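Reader: I have a new structure open and would like to go through it. Can you start with a term I will need?

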Amino acid sequence: MKNKLVAFTAALAVAAIGATGAAFARDQIRIVGSSTVYPFTTAVAEAFGKGGQFQTPVVESTGTGGGMKAFCAGVGPDHPDFTNASRRIKKGEFEDCQKNGVTDIVELKIGFDGIVMAMSKAGPDLDLTQDQIFRALAKEIVVDGKLVANPNQTWKDVDASLPDQKIEVLGPPPTSGTRDAFLELVMEKGAEKTEMLAKLKKDDAKAFEKVWKSIREDGAYVDAGENDNLIVQKLETNANAVGIFGYSFLEENTAKIKGAKMGGNEPSFELIASGKYPVARALYVYVKKAHVGVIPGMAEFVTEYTSDKAMGEDGYLTGKGLIALPKEMAEKTMKMGADLAPMSADGLK
């Protein structure tokens with residue numbers, strides 16, 4: 001009964017927007033979500049606004065988790081129209097959307113991004129493996145066959161081949177899609193390299209998950225918030241620190257910072273696109289279909305975003321650091337954008 005009431009209230013809200021017209025409805029698209037996707041969506045918003053037919057959309061960097069929470073809160077002018085995400089929507093988030101009347105969600109995969117670890121140009125060159133990063137940042141690691149509080153204070157403590165420099169990593173908070181992806185692509189993969197933890201994964205998956213998802217809280221890892229530009233600024237003034245963020249922020253700041261290699265691979269456009277760089281993830285934009293035709297310009301904005309001139313191999317987003325989708329994937333996204341076909345929960349975790 002409660003779900004029906006929420007859906008009915010949401011339907012009334014949309015009907016009210018349509019009935020009252022522009023006097024009460026927003027005439028400007030509102031977008032929230034991932035700090036990683038933010039520069040790409042901002043570029044599309046600016047290009048879209050220059051067309052002159054619609055106002056330039058308002059884009060906010062709230063983090064993937066914060067964006068999903070706002071996006072899924074309901075339907076109507078008080079709620080955002082799109083949300084950016086540096087990971088796929090979670091099953092629980094999708095279910096929250098449904099409960100709150102956000103029943104038709106269009107999923108657009110816009111490209112790929114690499115997660116990089118970077119430092120000041122004055123800092124040492126680093127070539128790290130997922131195993132080394134896990135042993136540097138996990139709250140607990142295996143020492144002499146036992147799971148203990150992480151004792152490593154310097155990178156050299158982790159591996160003799162690394163610099164004798166204090167471990168000081170500035171990274172994203174728990175609400176960030178970059179944090180989620182970093183945990184899955186780096187910390188989980190790194191944990192699996194330890195024989196005892198690989199066995200734990202088979203014997204007790206939940207206990208294993210707790211180990212790779214638990215980051216140090218003793219100062220070695222610093223939650224630097226959702227503003228990746230702020231991390232870059234901190235790296236400039238601290239040659240000992242290492243930052244975690246999306247490749248696009250490294251691309252934009254190559255005059256100030258440099259990227260660490262991952263398993264011998266540079267964080268470069270070419271290596272991420274080829275799949276050789278080991279820490280890469282897909283980026284998404286989600287559309288609230290109930291707002292299409294109500295908030296002016298939404299369908300047209302999707303057309304701009306999914307166009308070849310924006311997200312294609314030679315599109316203006318690649319100049320911002322977006323790794324373009326392969327041709328077949330790009331065509332699928334363009335079709336999704338044209339059809340505005342709602343997604344299902346199939347395959348969500």
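Author: Start with the burial classes: a residue is buried under 20% relative accessible area, exposed over 50%, and partly exposed in between. Keep in mind that this is a predicted model.

Reader: OK, so which class does Glu60 get?

Author: Glu60 counts as partly exposed, because its relative accessibility is 31%.

Reader: And what does Glu60 form a salt bridge with?

Author: With Arg30; their closest N and O atoms are 2.9 Å apart. Arg30 sits in strand 1 (residues 30-33), while Glu60 is in the loop between strand 2 (58-59) and helix 3 (64-71), 30 residues apart. Arg30 has 24% relative accessibility, so Arg30 is partly exposed too.

Reader: How many salt bridges are there in the whole structure?

Author: A search finds 16. One of them pairs Glu107 with Arg88, at 2.8 Å from N to O. Glu107 belongs to strand 4 (residues 105-120) and Arg88 to the loop between strand 3 (82-85) and helix 4 (91-99), so the pair ties together parts 19 residues apart in sequence.

Reader: Is Glu107 buried or exposed?

Author: Buried, because its relative accessibility is 13%. Arg88, at 29%, is partly exposed.

Reader: Switching topic: how many helices and strands does the chain have?

Author: The protein chain has 15 helices and 13 strands.

Reader: What about the radius of gyration?

Author: The chain has 21 Å; a compact globule with 349 residues would be near 20 Å, so the two agree. The C-alpha trace spans about 70 × 50 × 35 Å along its principal axes.

Reader: And what share of the residues is buried?

Author: Of the 349 residues, 50% count as buried.

Definitions and conventions. Residues numbered from 1 in each chain as written. Predicted model: local features only at pLDDT ≥ 70, side-chain atom pairs only at ≥ 80, totals over all residues. Heavy atoms only, no water. Helix = DSSP H or I, 4+ residues; strand = E, 2+ residues; numbered from the N terminus. Rg over C-alpha atoms; globule rule 2.2 N^0.38 Å. Buried < 20%, exposed > 50% of the residue type's maximum accessible area, 1.4 Å probe, protein only. Salt bridge = Lys/Arg side-chain N within 4 Å of Asp/Glu carboxyl O.
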